[in-house]
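Below is a set of questions and answers for a reader who wants to work from the coordinates to a computed value or a name. The sequence and the structure come first.

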Amino acid sequence: MQTRKCKRGQRGSTRPVSLILCRFLALVQEKYPDATLSPGWTTLYVPLFPNSTYTRAMVEKMQTLVGALPQRVTFPVRAVMARAAWPHFSWLLGQSDRYSLTLWQGASDPVSVDDLLYIRDNCAIHQIYYDLFEPVLSQFKQLAMNATRKRSYYTGGSLIPLLQLPRGDGLSVMWLVPDIQGNGTTATVELPDKDGMILLNVGLQELTAGDPMPIVHAPGGPVLTLESCLLQLATHPGRWGIHLHIAEPTALRPSLAVLAHLSTLGHLPWPVWVGATVSHGSFVVPGHVAGKELLTAVAEVFPHVTVAPGWPEEVLGSGYGEQLLTDMLELCQGLWQPVSFQLQAGLLGQSTAGVVARLLAASPRATVTVKHSSTGSNYTSVQTVLLAARAVDRNRVYYRLPQSYRKDLLADVGRN
């Protein structure tokens, strides 16, 4: 638990904030280039308007001002207003490993300990400091140190710290496929006794009455509604992330609507990825989700997810060529959400060098997921590709592999 005490006094000014900050930053560069910076926002908390908070524009403006600076930066954030703005601060922390937050409490601010716990759960420990009054500080410390308390994670957040240690190896994250027993309203979900990303292949079921319903397809044919599946997962003990793969284009918006509904009710306490094989630019292929529609639907229906686009197999005969990469990066340019590009290991081996590095360079929050099925091949056929991808970045490359392949890759890693 990191606490930081600072002088309490006037926070803010009547002069233009950006002008003051620019002059301040220039002076720091000249006189104190090794100092940690602590630029904040002018705030006013009024109990009659408890929903007032930091806006996306405010946070993005701050990033514009300090993003190119070399120093470490800790942003003072008024704790009573932080939870409602967490999507923006999650984005901000993802822009640089030099950034942290310092949560501060005004003398009369009714800070919620639950809000403090939520923010702590969604950060690496080194990314957060606290400047709080008693008794809130002691109450928060006592609950934060309780290893058995239930945690809640932001759906649009990183897999760190839920499934991956800060600066930890992406190979530590497993992809799991649930076993669905039965069909329809009596169907139940069974999961392996492991933590990891739960992969759900989602389609759409037409009903004789009412709107079509998103369903989860399981190996062997059983189906279960997406809503029922997610509600059942919420009752299972374990540490999960959810990876929805939209198998049918018509299932995209209804699936996002289910996510938005469950999130509002508090039944979606994990990171969520929404992915699809997309059609765009040089990889337009009928029958797949249009790339722009994937991003538009996410932005309009439920923006608090990681986007996980992949290329159609039909265009990958020669691997991930220059134009395929350029068009995917153009599609995702400026994307507010985290993105995890889905690459097929076998086809990655037919590509020119630098594919993984180029995709990771798209954004500080970009990751790559290298996937492979065991059909018609063995581990040695993709061994070199998997090790090469891991050599680019151990933290930001994930592996969606059969368990036997993952075991072999772990053994190779242990020998190197």
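Q: Is Cys332 buried or exposed in this model?
A: The model is a predicted one, and the relative accessibility computed for Cys332 is 10%. Buried means under 20% relative accessible area. Because its value is 10%, Cys332 counts as buried.

Q: How many disulfides does the structure hold?
A: A disulfide requires a pair of cysteine sulfur atoms within 2.5 Å. Cys229, at 0% relative accessibility, counts as buried, and Cys332, at 10%, counts as buried as well. The number of disulfides that the structure holds is 0.

Q: Which side chain makes a polar contact with the side chain of Glu330?
A: Glu330 has its place in helix α9, which covers residues 322–332, and with a relative accessibility of 42% this residue counts as partly exposed. The C-alpha atoms of Glu330 and Pro33, which are 297 residues apart along the chain, are separated by 36 Å. The polar contact of the Glu330 side chain, at 2.9 Å, is with the side chain of His280.

Q: Which elements give two or more residues to the lining of the largest cavity?
A: The structure holds 2 cavities of 30 Å³ or more, and the largest cavity has about 50 Å³ of space. Its lining includes His243, His245, Lys371 and Arg400, and by class the lining has 3 nonpolar, 6 polar and 2 charged residues. The elements that give two or more residues to this lining are β10 (240–246), β11 (272–279) and β13 (306–310).

Q: How many charged residues are in the lining of the second largest cavity?
A: About 40 Å³ of space lies in the second largest cavity, and among the residues that line this cavity are Trp91, Tyr154, Trp336 and Arg365. The lining divides into 7 nonpolar and 4 polar residues, and the number of charged residues is 1.

Q: Which residue takes a positive phi in the hairpin of β8 and β9?
A: Strand β8 (residues 213–217) pairs with strand β7 (residues 196–205) in the antiparallel sense over 5 bridges, and in that pairing Val202 stands opposite Val216 of β8. With strand β9 (residues 223–225), β8 pairs in the antiparallel sense over 3 bridges, and Val223 in β9 is the bridge partner of His217. The hairpin of β8 and β9 has 5 residues between the strands, and the residue that takes a positive phi, near 100°, is Gly220.

Note on methods. Residues are numbered from 1 along each chain as its sequence is written. This is a predicted model: local features need pLDDT of at least 70, side-chain atom pairs count only at pLDDT 80 or more; totals for chains, interfaces and linings use all residues. Side-chain values use heavy atoms; hydrogens and water are left out. Helices (H or I, at least four residues) and strands (E, at least two) are DSSP runs, numbered from the N terminus. Buried means under 20% relative accessible area, exposed over 50%, partly exposed in between (1.4 Å probe, protein chains only). A polar contact is a pair of N or O atoms within 3.5 Å; within protein, one must be able to donate a hydrogen and the other to accept it, and residues adjacent in sequence count only if both atoms are side-chain atoms. On a 1 Å grid over the protein atoms alone, a cavity is a set of points where a 1.4 Å probe fits but cannot get out, and a pocket is an open set with protein on both sides within 12 Å along at least five of seven lines; lining residues have an atom within 4 Å of a point. Grid points are joined across faces, edges and corners, and a volume is the space filled by probe spheres set on the points. Ala, Val, Leu, Ile, Met, Phe, Trp, Tyr, Cys and Pro count as nonpolar, Asp, Glu, Lys and Arg as charged, and the others, Gly among them, as polar. Two strands pair if DSSP finds at least two bridges between them.
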